[in-house]
Amino acid sequence: MKTETMDYLLLEETDSTNSYVALHADELADDTMVMTGRQTAGRGQRGNSWESEPGMNLTFTLLHRPHGMAPREQFAISEATALAVADFLADCGVEALVKWPNDVYVGDGKIAGILIEHSVTSTEIGHSRIGVGINLNQGEFRSDAPNPVSLVQLTGRETDVSRAAVAVGSRLERRLGQASTAEGRRELHAEFKRRLWRGDGHPHPFRRRDTGETFAGVITDVAPEGLITIFDADNGCSASYAFKEVEFLL
């Protein structure tokens, strides 16, 4: 299937759409969304698996070639992707926020996970493999994930997966277009910070991954490169963290 600017490739089953796109990147057209009804080894951040009942949810990887984008600007791809998913959910009547660096939450429930991998040179991003899983129609979750939630649980209505793919694709196209210019990246980043989960100026529980120490922290900033700055309300000091250096606690 093809829309005006995006190709859609549906695989009946694959181990991981990110792995499929990595293997076939040279053969796929720019902005090809590879979807599957059954993903047998879907990957999340930090090597976690992604639980999805066959045919119930939207799982895909978009191959995107961000022409002329420097490696240091890659966080804009994360921002664009997360905001595109939040845009889609807003059109479904659900207000979602972005959990740094790029998961999508409704309240304290995780409705979408994002895994982005890049092929880079010293000067630019060759291509991005944008993996997204959105919980649409799954009514029960059996894994030990602490906080999944789905669109059908929130709205009581099932969503056509194919229509959702096209809707998310159009929003991704618009947001990634923003990420392609310096002005657009500034606008994306400002909106990302406005729609940040737990970016409300109040202390929330965090854990430093190197020491295991927990603390009450207030998010004070996210840099365009992706570093998050958190004020430690227990010790009265601030620190900046890269991805995987600090984790949110529920």
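Q: Which residues have the most contacts inside the largest nonpolar core?
A: In this predicted model, the largest nonpolar core has 57 residues, and its largest share, 11 residues, comes from helix α2, residues 75-91. A second, separate core of six residues includes Ala25, Leu28, Val34 and Leu63. Inside the largest core, the residues with the most contacts are Met33, Leu58, Phe60, Leu89, Val104 and Ile228.

Q: Which residues does Phe60 touch, not counting residues up to four places away in sequence?
A: Phe60 is among the residues with the most contacts inside the largest nonpolar core. With residues up to four places away in sequence not counted, Phe60 touches Thr17, Met33, Val34, Met35, Ile130, Gly131, Val132, Val168 and Leu172.

Q: Within what arc do the buried residues of helix α1 fall, seen down its axis?
A: The buried residues of helix α1, which runs over residues 17-24, are Thr17, Asn18, Val21 and His24. Seen down the axis of α1, these buried residues line one face of the helix, because they fall within an arc of 145 degrees.

Q: Which residue caps the N-terminal end of α1?
A: What covers the buried residues of α1 includes β2, β3, β6 and β7. At the N-terminal end of α1, a side-chain oxygen lies 3.3 Å from the backbone nitrogen of Asn18, and the capping residue that supplies this oxygen is Ser16.

Q: At what angle do helices α4 and α5 pack?
A: Arg175, Gln178 and Ala179 in α4 meet Gly184, Arg185, Glu187, Leu188 and Glu191 in α5, a contact with two nonpolar, two polar and four charged residues. The axes of the two helices are 6 Å apart, and the packing angle is about 115 degrees.

Terms used: Residues are numbered from 1 along each chain as its sequence is written. This is a predicted model: local features need pLDDT of at least 70, side-chain atom pairs count only at pLDDT 80 or more; totals for chains, interfaces and linings use all residues. Side-chain values use heavy atoms; hydrogens and water are left out. Buried means under 20% relative accessible area, exposed over 50%, partly exposed in between (1.4 Å probe, protein chains only). Helices (H or I, at least four residues) and strands (E, at least two) are DSSP runs, numbered from the N terminus. The arc is that of the directions from the helix axis to the C-beta atoms. Contact means heavy atoms within 4.5 Å. A polar contact is a pair of N or O atoms within 3.5 Å; within protein, one must be able to donate a hydrogen and the other to accept it, and residues adjacent in sequence count only if both atoms are side-chain atoms. Axes are lines fitted to C-alpha atoms, for helices over the stretch in contact, and angles run from 0 to 180 degrees between N-to-C directions. Ala, Val, Leu, Ile, Met, Phe, Trp, Tyr, Cys and Pro count as nonpolar, Asp, Glu, Lys and Arg as charged, and the others, Gly among them, as polar. A nonpolar core is a set of buried Ala, Val, Leu, Ile, Met, Phe, Trp, Tyr and Cys residues joined through side-chain atoms within 4.5 Å.
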